[in-house]
Amino acid sequence: MSTAPDISTAETEALRDALGLLKDREQVAERLLDSSAKHSFDPDTELDWDAPIEDGKWFWPPELVSLYDTPLWKKMSEEQRMDLARHEAASLASLGIWFEIILMQLLVRHIYDKSVTSAHVRYALTEIADECRHSKMFARLIQTGGAPTYPVSRFNHNLARILKTVSTTPGSFACTLLGEEILDWMQRLTFPDERVQTLVRGVTRIHVVEEARHVRYAREELRRQMVRAPRWEQELTRISSGEAARVFSVAFVNPQVYTNVGLDRREAVAQVKASGHRREVMQTGAKRLTDFLDEIGVMRGVGRKLWRSSGLLA
């Protein structure tokens, strides 16, 4: 990340973007720290991990399963559909762990040159602690559900190694929002859904509550960084976030899930790509984020073309 001059105790200049005047960085962090103190959870004690899996309940809402409403879906038995949902839940949890490990590294880099006594840094450390708990929670959910882990491809794993190494500060926060906001939209549909396993609903409820703070922190910081960044860094942010969107959309569901539930992998992948329902789900899940990025100037030029090619932008 870049090492722009640190304004860690109070803003000394009024910063404004298309959304208006930016809030003081320290005041934002203090509010987030206060919220963290009131609304944080320990998944190990908050959730009943010993409860039996509930018969007839889904591990993911059927409408959010990748093959929903495709010709292949209509041929599948209800049991096979529910099994696919279980494997896709494990795939998403695996993706979440991969992403959160990247995010923790980016946050550590972000605060490396900043005042360790600032509220901004204290909140970053609080968020890192949240992400540690989330990663352990997702891993435990995979094990409890009985599906395998689904790592991203070796190519995307190594591509992310490069992206997180060269990423600038605004690029890092743009990618953070990409990973957080789409899954957050899906989880907000999941935790109140009584068709879904109680444990899955509990996991998504915890994640939604705590991720709301993470999204606020990332949005505020991305706005600040885009205002202060030089032109080259703004353009690099547009391109890197667009490329991250392309990678994320490809990695969202590991194609091995189709093989593991007895489907023809190539046919399943082709039908997901052709599915209007799936395209609508992904674009609706991303819309709040893409609208925000558009307003603050991230959705321009080559970056916008990459976002369109990802399928996340209509």
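Glu100, Leu107 and His110 of helix H4 meet His207, Glu211, Tyr217, Glu221 and Gln225 of helix H8, and this contact, in a model that is predicted, divides into two nonpolar, three polar and three charged residues. The same helix H4, which covers residues 78-111, also packs against helix H6, which covers residues 154-166.

**Helix H4 with helix H8**

- Helix H8 covers residues 198-228, and its axis and that of H4 come within 14 Å and cross at roughly 45°.
- Because angles under 35 degrees count as roughly parallel and those of 65 to 115 as roughly perpendicular, the crossing at roughly 45° makes H4 oblique to H8.
- The crossing in which H4 passes H8 is left-handed.

**Helix H4 with helix H6**

- The axes of H4 and H6 lie 11 Å apart, and the two helices pack at an angle of about 15°, so that H4 and H6 are roughly parallel to each other.
- The crossing of H4 and H6 is right-handed.
- On the H4 side the contact is made by Trp98, Ile102, Gln105, Leu106 and Arg109, while H6 contributes Asn156, His157, Ala160, Lys164 and Thr165.

**Buried residues and their contacts**

- Histidine 87 is a residue of helix H4, and because its relative accessible area is 6%, it is buried.
- When neighbours within four places in sequence are left aside, histidine 87 is in contact with Ala147, Pro148, Tyr150, Val257, Asn260 and Val261.
- Alanine 251 belongs to helix H9, which covers residues 231-251, and with a relative accessible area of 12% alanine 251 is also buried.
- Not counting residues up to four places away in sequence, alanine 251 touches Leu95, Val152 and Asn156; Asn156 is also one of the H6 residues in the contact with H4.
- Methionine 282 sits in helix H12, which covers residues 276-295, and at 8% relative accessibility methionine 282 counts as buried.
- The residues that methionine 282 touches, with those up to four places away in sequence not counted, are Met186, Phe252 and Leu312.
- Methionine 282 and histidine 110 are 172 residues apart in sequence, and their C-alpha atoms are 29 Å apart in space; histidine 110 is one of the H4 residues that meet H8.

- Helix H5, which covers residues 119-145, has 27 residues and reaches 38 Å from its first C-alpha to its last, which is close to the 39 Å expected at 1.5 Å a residue.
- Aspartate 69 is placed in the loop between helix H2 (43-46) and helix H3 (71-75), and at 43% relative accessibility aspartate 69 counts as partly exposed.
- Between the C-alpha atoms of aspartate 69 and alanine 251 there is a separation of 21 Å, with the two residues 182 apart along the chain.

Terms used
Residues are numbered from 1 along each chain as its sequence is written. This is a predicted model: local features need pLDDT of at least 70, side-chain atom pairs count only at pLDDT 80 or more; totals for chains, interfaces and linings use all residues. Side-chain values use heavy atoms; hydrogens and water are left out. Axes are lines fitted to C-alpha atoms, for helices over the stretch in contact, and angles run from 0 to 180 degrees between N-to-C directions. Helices (H or I, at least four residues) and strands (E, at least two) are DSSP runs, numbered from the N terminus. Angles under 35 degrees count as roughly parallel, over 145 as roughly antiparallel, 65 to 115 as roughly perpendicular and the rest as oblique. A crossing is left-handed if the near helix is turned anticlockwise from the far one by less than a right angle, and right-handed if clockwise. Contact means heavy atoms within 4.5 Å. Ala, Val, Leu, Ile, Met, Phe, Trp, Tyr, Cys and Pro count as nonpolar, Asp, Glu, Lys and Arg as charged, and the others, Gly among them, as polar. Buried means under 20% relative accessible area, exposed over 50%, partly exposed in between (1.4 Å probe, protein chains only). The expected span of a helix is 1.5 Å times one less than its number of residues.
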